[in-house]
Amino acid sequence: MKMTEDTEMIMGGIRMGVNVDIKRTDGRIHSAVVSGINVETKSVTVEWFERGETKGKEIELEQILDLNQDLAPQAYDTNPIPNKLQKNENKQFGETKSYVPRPSIPVAGRGRNKNAVRRSEVIASNGHAKEDASEAAMPPPKQVPSLPPEKSETVSKATGAAAKTQTGDRRRSNVVKEVERLKENREKRRAQQAQILEEKEALRNIDPGNPNWEFLQMILDYKDQLEFNPLKEGDPINDHQITVCVRKRPQSQKEIKRKEIDVVTCPNKDQVIIHEPKTKVDLTKYLDSQHFRFDYAFDEGASNELVYKYTARPLVQCIFDGGMATCFAYGQTGSGKTHTMGGEFQGKTQDSKGGIYAFATRDVFKLHKSPKYKNLNIHVCCSYFEIYSGKVFDLLSGKSKLRVLEDGKQQVVIVGLTEREVDCVEDVLKLITHGNNLRTSGQTSANAHSSRSHAVFQIILRNSNNKKSLYGKFSLIDLAGNERGADTSSANRQTRMEGAEINKSLLALKECIRALGRKGAHLPFRASKLTQVLRDSFIGEKARTCMIAMISPSMSSCEHTLNTLRYADRVKELGAADPVEQRGKQINTDLGEYEEDETLSARMDDGVMSPEDSDLAQLRSLNDGECSADWYNFQESVAHLQLLEEEVVESHRNLVENMNKWIAQDSSLLVMSNEVDYDQDAYAQQLEDMIAEKQEALAELREKTRAFRECLNEEELRSKNLVLRRN
């Protein structure tokens, strides 16, 4: 009841279905029916029929009551705002006449008796109103007392202006309010955009001319949220069978001139963050920060000596305990592998005193002269060779080509490899310098003098007995660049084979390192020449391995950097796992041997599969996501090509050696033919036998050469198929 009284106090006689007069935007006044009432907003929804269709609009309550004062509540001020027409009438007739509404049209079933007698007044052109018979039922107009002309006009203008302003503010429709709200939001949005542009301009001015200034600012903002605690002297050294660490090199002068941004962050001693720049479909730029964790992480401020202390130095003790140690430098071309292993470059000359080679040799001689190992009667020897495109070359004997064979005990032997006995660090540095000058290099987009081969420097400890048996060995390997794609799809065959061998050897190396941490796991060492010559370093309880993943900080190398870190992460992830339990095999921890089931008789004592099994196929199965069928076919053709090449060259060499023997035999036959009574039958028989031997040797060489050419064509075809599948 109280709610109804409050509504009547606000709305007056306005009800649903009541006929009211409304004023259109073009000034027309006509009747309409109330179809909705909103007490909260003090607005009324009306409908009318016009030109065959029903129309409607929402009108403020005050505007309705101004035109329908008979429906206004009792507290509503009914004094209208005078206009010019009313002023003229007042002056003419001496009175102020109120507006009388015109008669409304009753709506069947919706109106009330109160509205049935309402009338509207139409103003004639002479200023007089025409009234119908029911005028007596209408309330008489209110008489406003007249004022003196001057005072009345002054008061009317002031009051009218104020009332007009106040009423105009109240009479604004919701559409006008919405338009003003949109306008206000638009102005705010423009102000925000202007502020953003000002901030961008200020950030752009921090590094003018840098096209990647937005990514740079994102990285700086990200770094502000980090707490840095890099690796430093005095941090504890962890002892692992497999150690994987990452080293970030500083930016080069070329990268600084190109305004390359640094996308690599090493916040602490075992974590690396890669800020990969990306762009959305709507061209919005953002960062995809990827986290990696390793045993150690060296930032751009770490020296070679600090890197050596936490990577290769713990391995020196291993070889004096009769073990096998290996240390690899892995990464993209130009990431600093040769700098870390061999020392800093001064122009084109390398200073070998500051590399891991020299540091390791120094500690080897220090332990060799220590009281603990002085009485072992061991000698220190060094060898230095490189593996290029599946071939082994001795860097200490004029880069002569070497052969890799297996003896009856399945031990890999490099036939003819030079070993030099050394007595001090200076002797070793001379050998390293001599070998570096002979090492194969080539020009790439990353480095003008890029190492395109795997360089293996070995520090060998041998007993002082007659056999000079092996006591311990430390292999330090500077691997070739790990970039893929461009080299293996090159139009040049030599470049293709070089890239294919590098990629295959790196995959095989990863699997061999993983197998080192899994007792009984298959060791696919025959998949590449690198793992074949390092086979003994991956077998045994005393084997230790360290991998240093080298990464470049620049944005242009981000993809290669991520590939390097994923490679290293997978090596450590599986290498540190528990030993793999194989069905039908039990490990005898006391003897270090395996008791094998009959189904596993193809395995040898050290867990390596027999030569009948394909290590390349095993390698592909272990890296199914990276190695497609086309890749396997291409690698198989390259391996076959290398095998045939060795056979052809060996057959050719044997033919040349036989030719010297044949020349001697020919000379003896000619001498025999000069005799007066020589045996003609013997001469003819020997000559025929020699010709047959020559024909057989030449025919054999010809067949091998023909097969070699066919293999070259097959490699060309499979290389094209591999490129087409990639594209």
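This text walks through a predicted model, starting with its confidence and then turning to a helix pair and one arginine.

The mean pLDDT of the chain is 75, and 72% of its residues reach 70 or more. Among the elements of the chain, strand S13 (residues 296-298) has the highest mean pLDDT, at 92. The lowest mean, 32, belongs to strand S28 (residues 593-595).

Next comes the helix pair. Two packed helices are described by the angle between their axes and the distance between the axes. For helix H12 (residues 356-368) and helix H13 (residues 425-438), the angle is about 150 degrees and the axes lie 9 Å apart. Angles over 145 degrees count as roughly antiparallel, so H12 and H13 are roughly antiparallel to each other. Their crossing is right-handed. On the H12 side, the contact is made by Tyr-357, Ala-358, Thr-361, Arg-362 and Phe-365. H13 contributes Val-425, Val-428, Leu-429 and Ile-432. Sorted by class, seven of these residues are nonpolar, one is polar and one is charged.

The last stop is Arg-462, which sits in strand S24 (residues 454-463). The side chain of Arg-462 is joined to that of Glu-419 by a polar contact of 2.9 Å. Leaving aside residues up to four places away in sequence, Arg-462 touches Glu-419 as well as Asn-377, Ile-378, His-379, Lys-468, Ser-469, Leu-470 and Tyr-471.

Conventions: Residues are numbered from 1 along each chain as its sequence is written. This is a predicted model: local features need pLDDT of at least 70, side-chain atom pairs count only at pLDDT 80 or more; totals for chains, interfaces and linings use all residues. Side-chain values use heavy atoms; hydrogens and water are left out. Axes are lines fitted to C-alpha atoms, for helices over the stretch in contact, and angles run from 0 to 180 degrees between N-to-C directions. Helices (H or I, at least four residues) and strands (E, at least two) are DSSP runs, numbered from the N terminus. Angles under 35 degrees count as roughly parallel, over 145 as roughly antiparallel, 65 to 115 as roughly perpendicular and the rest as oblique. A crossing is left-handed if the near helix is turned anticlockwise from the far one by less than a right angle, and right-handed if clockwise. Contact means heavy atoms within 4.5 Å. Ala, Val, Leu, Ile, Met, Phe, Trp, Tyr, Cys and Pro count as nonpolar, Asp, Glu, Lys and Arg as charged, and the others, Gly among them, as polar. A polar contact is a pair of N or O atoms within 3.5 Å; within protein, one must be able to donate a hydrogen and the other to accept it, and residues adjacent in sequence count only if both atoms are side-chain atoms. pLDDT is the predictor's confidence in each residue, from 0 to 100.
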